[in-house]
Amino acid sequence: SRLALWIRATRPPYLPTSIVPALAGALVALDGGAADWWLLPVALLALLLVHAATDVCNDVEDAARGVDAPDKLDNSRVFTTGLLTIGEGRRLYAGLFGAATVLGVVLCLVEGPALLPIGVAGVLGGWLYTGGPRPYKYVGLGDPAIVVLMGPLLTQGAYTAITGDGFHAPAFWLGMAPGLLIASVLAGNNLSDIEEDRAAGVRTIAVRVGFPAARALFLAALAAAFATLVALWASGLFAAWILL
């Protein structure tokens, strides 16, 4: 069915990678301070819509630019095989981004404007990854951007959505651990795509530095994710329980 193809295009197995950091950021509010917990499901839904829109945009624009071949397995294969058209895909991700924006406006009306720049950064970061005139994925900026977009932006954003506080150090810096883990997922994906990306003119970090160096960066991102937790404990932002 059309609905099944739309859902498949959002790449559902990847969506928990944004929900988990957001939940962690929101739970920081348990450590004191007023929080409107009834807003958390709204914030998580808005986040899911942004992530789903980003995944659709990635598949659509990679297919439109000839980056992904029809036999490539690590995407939805909805657009590369013609099950959905490029135009339909663009309307789909525009609708998802639009729905997320509406929910973001609702959150801002309730909690204040502190969430607005975080939400704008999230939507633009998701769209410009492979959309727009100069996608930053294609020039090797995807990996470092993902650390921030899928890390501190998510943890701080969820905290801000339920408290209205624009910056809270524990909520912000907590995001570095999941941000680095998610960046390592992207790095692993880019490792497997070096030849295809090079042929398509996509200059990811893996393409620029080659497989051995890119694999070393992948392992370094994994190690740094766990080192971040030790640093958060040592800084006094969190108790030793964070090591567990």
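Within what distance do the axes of helix 9 and helix 12 come, and at roughly what angle do they cross?

## Helix pairs

In this predicted model, where local features need pLDDT of at least 70, side-chain atom pairs count only at pLDDT 80 or more, and totals for chains, interfaces and linings use all residues, the axes of helix 9 (residues 176–192) and helix 12 (residues 211–234) come within 8 Å and cross at roughly 165°. Residues are numbered from 1 along each chain as its sequence is written, and side-chain values use heavy atoms, with hydrogens and water left out.

Helix 9 and helix 12 are therefore roughly antiparallel to each other, a term for angles over 145 degrees, whereas under 35 counts as roughly parallel, 65 to 115 as roughly perpendicular and the rest as oblique. Helix 5 (residues 115–128) and helix 7 (residues 152–163), with axes 10 Å apart, pack at an angle of about 140°, and are therefore oblique to each other.

## Nonpolar surface patch

Trp-38, Val-102, Val-105, Val-106, Leu-109 and Val-110 make a nonpolar surface patch of about 610 Å²; patch residues have over 30% relative accessible area and no salt bridge, with nonpolar side chains joined within 5 Å and like charges within 9 Å. Val-110, which lies in helix 4 (residues 86–111), is partly exposed because its relative accessible area is 41%, between the limits for buried (under 20%) and exposed (over 50%), with a 1.4 Å probe and protein chains only.

## Leu-83 and Arg-2

Leu-83 lies in the loop between helix 3 (40–64) and helix 4, and is partly exposed, with a relative accessible area of 37%. Although Leu-83 and Arg-2 are 81 residues apart in sequence, they are 9.2 Å apart in space, C-alpha to C-alpha.

Note on methods:
Areas by Shrake-Rupley, 256 points an atom, 1.4 Å probe, with all protein chains shown as cover. Salt bridge = Lys/Arg side-chain N within 4 Å of Asp/Glu carboxyl O. Helix = DSSP H or I, 4+ residues; strand = E, 2+ residues; numbered from the N terminus. Axes fitted to C-alpha atoms, helices over the stretch in contact; angles between N-to-C directions.
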